[in-house]
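This briefing sets out the fold of a single protein chain.

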Amino acid sequence: MYIKDVEVQNQVGLHARPATFFIQKANEFKSSIWVEKDERRVNAKSLLGVLSLGIVGENQIKIIADGTDEQEAVEALVKLVETGFTE
């Protein structure tokens, strides 16, 4: 299991479009991936799950992965969040 904390950089957070980018990136990996905010954990590959966390700018979130490509998955998702969902 690989875990990393990251602060959401864009002001609007993970609303529909950034959440879609996030989920698409998460689905590129075989590992199970979760996003955690305030002790609530959801599947990072689920749009409704990610949106249900209500993540906005400057929120701290944890990205957690477990599987064969866990470290690569977490690092890619952290990079996506840190760049404000622009690649």
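Which residue of E4 does Val35 stand opposite? Val35 stands opposite Ile63 in E4. The model is predicted, and local features need pLDDT of at least 70, side-chain atom pairs count only at pLDDT 80 or more, while totals for chains, interfaces and linings use all residues. Residues are numbered from 1 along each chain as its sequence is written, and side-chain values use heavy atoms, with hydrogens and water left out.

**Overall architecture**

- The protein chain contains 3 helices and 4 strands; helices (H or I, at least four residues) and strands (E, at least two) are DSSP runs, numbered from the N terminus.
- Along the sequence, these elements follow the pattern β-α-β-β-α-β-α.
- A compact globule of 87 residues would have a radius of gyration near 12 Å, and the 11 Å of the protein chain agrees with this; the radius is taken over C-alpha atoms, and the globule rule is 2.2 Å times the number of residues to the power 0.38.
- Taken along the principal axes, the box filled by the C-alpha atoms of the protein chain is roughly 35 × 30 × 20 Å.

**The sheet**

- An open sheet is formed by 4 strands in the order E1-E4-E2-E3, with antiparallel pairing; two strands pair if DSSP finds at least two bridges between them.
- Strand E1 (2-7) and strand E3 (40-43) each have a single partner strand and stand at the edges, so one side of each is left without a neighbour in the sheet.
- From one strand to the next, the twist averages 25°; axes are lines fitted to C-alpha atoms, for helices over the stretch in contact, and angles run from 0 to 180 degrees between N-to-C directions.

**Strand pairings**

- E1 and strand E4 (residues 60-66) run antiparallel and are joined by 6 bridges. Glu7 has Gln60 of E4 as its bridge partner, and Val6 has Ile61 of E4.
- E2 pairs with E4 in the antiparallel sense over 5 bridges. Ser32 stands opposite Asp66 in E4.
- Between E2 and E3, the antiparallel pairing extends over 4 bridges, and the bridge partner of Trp34 in E3 is Asn43.
- E2 and E3 form a hairpin with 2 residues between them, and Asp38 in the turn has a positive phi of about 50°.

**Helix packing**

- Helix H1 (residues 16-26) packs with H3 at an angle of about 165°, and their axes are 10 Å apart.
- This makes H1 roughly antiparallel to H3; angles under 35 degrees count as roughly parallel, over 145 as roughly antiparallel, 65 to 115 as roughly perpendicular and the rest as oblique.
- To this contact (heavy atoms within 4.5 Å), H1 contributes Phe21, Phe22, Lys25 and Ala26, and H3 contributes Ala76, Leu77, Leu80 and Val81.
- By class, the contact of H1 with H3 has 7 nonpolar, no polar and 1 charged residues; Ala, Val, Leu, Ile, Met, Phe, Trp, Tyr, Cys and Pro count as nonpolar, Asp, Glu, Lys and Arg as charged, and the others, Gly among them, as polar.
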